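Good morning, colleagues. I should like to take a few minutes to go through one structure with you, and I ask you to keep it in view as I speak.

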Amino acid sequence: MLKPNLAELGKLAKDKHIENKKYFDKLKKKVPKNLDYAMQELHDAEFKKTDCLSCANCCKTTGPLFTSADIERIAKHLRQKPQQFIEQYLRIDEDNDYVLQSVPCTFLDQDNTCFIYEVRPKACREFPHTDRKKFQQISDLTLKNIPICPAVYNIVEEMKKKLPL
């Protein structure tokens, strides 16, 4: 499968949104026994051929949630007090979660590497969440990630072929 470039990704995701939503609605009602295993295989296969540093669209267009543990760990790494870190980099969103004050991510370098990669937030470490257990429970999140991440787009397209519902 050809990897969609970022310019095409939004349109492709939009064109497939209704189809994908229906697929995920069916998936929630009738979960295949091997879903987690299949998703792990699809995830691993896609990320063998995906170079996130050539894209970094997730870091450029969205911001992660910061847990208390993330804030403590990153503040310590930056030699700041947690409150200083919060004031300098974060805001509270409509769901009462800590998120970045703005995107692209403050910690994204020009070569798409991350200044705080070793201590990055849990949400960043787990993105795009396509290898999570009980995958059917995060289908809404996956739908949101399709227009952001070419790898998610490819994984979902392969998933529909491998696990037709």
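I shall speak about a helix, the cores, the aromatic pairs and some points of the backbone.

A word on the source. This is a predicted model, in which local features need pLDDT of at least 70 and side-chain atom pairs count only at pLDDT 80 or more, while totals for chains, interfaces and linings use all residues. Residues are numbered from 1 along each chain as its sequence is written, and side-chain values use heavy atoms, with hydrogens and water left out.

Let me begin with helix H8, residues 150–162. Helices (H or I, at least four residues) and strands (E, at least two) are DSSP runs, numbered from the N terminus. The expected span of a helix is 1.5 Å times one less than its number of residues. For the 13 residues of H8 that gives 18 Å, and the end C-alpha atoms are 18 Å apart, so the two agree.

How many residues of H8 are buried? Ten of the 13 are, where buried means under 20% relative accessible area, exposed over 50% and partly exposed in between, with a 1.4 Å probe and protein chains only. Among them are Pro-150, Tyr-153, Val-156 and Met-159. The cover over these buried residues includes helix H1 (6–29), helix H2 (35–48) and helix H7 (139–145); contact here means heavy atoms within 4.5 Å.

I turn to the cores. A nonpolar core is a set of buried Ala, Val, Leu, Ile, Met, Phe, Trp, Tyr and Cys residues joined through side-chain atoms within 4.5 Å. The largest one has 21 residues, and those with the most contacts inside it include Phe-24, Phe-135 and Met-159. H1, H2 and H8 are the elements that give two or more residues to this core, and H8 supplies the largest share, six residues. Apart from this core lies another, of 15 residues, among them Phe-85, Ile-86, Leu-100 and Cys-105.

Next, the aromatic rings. The structure holds six aromatic pairs. Rings of Phe, Tyr and Trp (its six-membered ring) pair if their centres lie within 6.5 Å; planes under 30 degrees apart count as stacked, over 60 as edge-to-face and the rest as tilted. Phe-66 and Phe-85 have ring centres 6.0 Å apart and planes at 55°, so this pair is tilted. Because Phe-66 lies in strand E1 (residues 65–66) and Phe-85 in helix H5 (residues 82–89), the pair ties together parts that are 19 residues apart in sequence. Both Phe-66 and Phe-85 are buried. The pair of Tyr-89 and Phe-107 is tilted too, with centres 4.8 Å apart and planes at 45°. Ring pairs link Phe-66, Phe-85, Tyr-89 and Phe-107 into a cluster.

Now consider the loop between H6 and H7, where Thr-130 is found. Is Thr-130 buried or exposed? Thr-130 counts as buried, because its relative accessibility is 0%. Its side chain is joined to that of His-43 by a polar contact of 2.6 Å; such a contact is a pair of N or O atoms within 3.5 Å, where, within protein, one must be able to donate a hydrogen and the other to accept it, and residues adjacent in sequence count only if both atoms are side-chain atoms.

The loop between H6 and H7 also holds Pro-128, which a cis peptide bond joins to Phe-127, with omega about 10°. His-129, not a glycine, has a positive phi of about 70°.
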